[in-house]
Amino acid sequence: MTDKGPAVFRLKEHIQRLLKGAKTCFMKVPFSEEELIEATLKTVKENGIDAGYIRPIIYYGYGKMGLDPHGAPVNVSIACWPWGSYLGDSAVKVKTSSFVRLHPRSTHAEAKIDGHYVNSIFASIEAKQAGFNEAILLDYEGNIAEGPGENLFIVKDGKIFTPALGNVLPGITRDSVTQIARDQGLEVKEKVLTKQDMTSADEAFFTGTAAEVTVIGQIDEHVWKNAPGPITEKLKGLYLDAVHGKLPKYHKWLSVV
Ligand SMILES: Cc1ncc(COP(=O)(O)O)c(C=O)c1O
């Protein structure tokens with residue numbers, strides 16, 4: 001919610017990523033980017049959502065069985081519902097998952113494809129059953145990739161690092177927080193991150209549309225006693241202010257409903 005009423009954050013970029021993902025899946029989408037943007041805003045308005053989550057999905061519809069989707073209709077659905085912060089407001093405890101993030105040669109790892117989420121679901125279930133709030137998946141080389149539904153950042157000596165694209169989803173919140181941090185004069189770099197880099201970091205946090213900026217307070221047995229650290233706290237505040245239309249610099253990211 002903003003002063004001007006409900007607004008969707010970075011709608012254009014979300015729809016562009018959705019359409020790019022659909023193309024990756026060889027789908028011919030019967031709607032343009034503008035039509036999908038319009039339909040999303042209308043869905044939010046009709047449902048009277050002030051603050052919540054929107055989930056547009058492009059999928060192969062009825063008409064075809066088997067694993068070759070050629071000839072199946074391509075459908076779109078847009079759902080929305082009120083939803084608070086996915087992982088809550090407190091620092092979360094995360095577990096390194098025994099499930100490896102999908103290999104980029106097994107799938108189009110950079111696309112937001114529903115089938116990928118079986119991997120995320122297994123990692124989440126494992127973490128929850130072990131008493132943690134969330135998982136962290138390593139990539140096939142054993143480096144830090146991301147959460148089941150979040151990108152990950154660490155802060156070390158005032159500098160911010162995040163795993164490079166390739167084995168992670170190109171998160172829109174990842175991009176937003178990177179831009180916000182750089183606008184504050186902070187250095188943000190993409191880097192291969194090991195678990196050792198993470199446990200020796202001063203701060204760590206997740207980003208995601210649902211997770212927003214979530215403070216990480218523990219990974220496995222390693223605890224950050226002073227979480228949230230100052231940089232995480234600052235970025236979390238600025239990100240939420242941007243989402244709620246409080247920072248004119250980032251009004252360009254809002255589509256008022
Ligand atoms: C696997 C994965 N990584 C990262 C993210 C964060 O992406 P975004 O900031 O675009 O929501 C998501 C979001 O759903 C995700 O599913």
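Just after helix H2, Gly48 takes a positive phi of about 60 degrees. A word on ground rules: this is a predicted model, where local features need pLDDT of at least 70, side-chain atom pairs count only at pLDDT 80 or more, and totals for chains, interfaces and linings use all residues. Residue numbers start from 1 along each chain as its sequence is written.

Back to H2 itself. Helices (H or I, at least four residues) and strands (E, at least two) are DSSP runs, numbered from the N terminus. H2 covers residues 33-46, 14 residues in total, and reaches 20 Å from its first C-alpha to its last, close to the 20 Å expected at 1.5 Å a residue (the expected span being 1.5 Å times one less than the number of residues).

Which residues of H2 are buried? Leu36, Thr40 and Val44 are. Seen down the axis of H2, the buried residues fall within an arc of 70 degrees, so they line one face of the helix; the arc is that of the directions from the helix axis to the C-beta atoms. On the other side of H2, Glu34, Glu38, Lys42 and Glu46 are exposed. Buried here takes 20 or more other C-beta atoms within 10 Å of a residue's own, exposed takes 12 or fewer, and partly exposed is in between, with C-beta atoms placed from the backbone.

The buried residues of H2 pack against these elements:

| Element | Residues |
|---|---|
| Strand E1 | 7-9 |
| Helix H1 | 11-24 |
| Strand E2 | 52-60 |
| Strand E3 | 74-82 |

Now the wider layout. The protein chain is divided into domain 1 (7-84) and domain 2 (92-243), with bounds from an automatic or database domain assignment. Their centres, taken over C-alpha atoms, are 25 Å apart. In all, 10 residues of domain 1 are in contact with nine residues of domain 2, contact meaning C-beta atoms, placed from the backbone, within 7 Å. On the domain 1 side, H1 and E2 are the elements that give two or more residues. H1 gives the most, with five residues.

Finally, the ligand. There are 13 residues around the ligand, and Leu169, Gly171, Ile172, Thr173 and Thr209 come nearest; a residue is near if its C-beta atom, placed from the backbone, lies within 6 Å. Helix H4 (172-183) and strand E10 (203-208) are the elements that give two or more residues to this shell. H4 gives the most, with three residues.

Note on methods:
Two residues are in contact if their C-beta atoms, placed from the backbone, lie within 7 Å.
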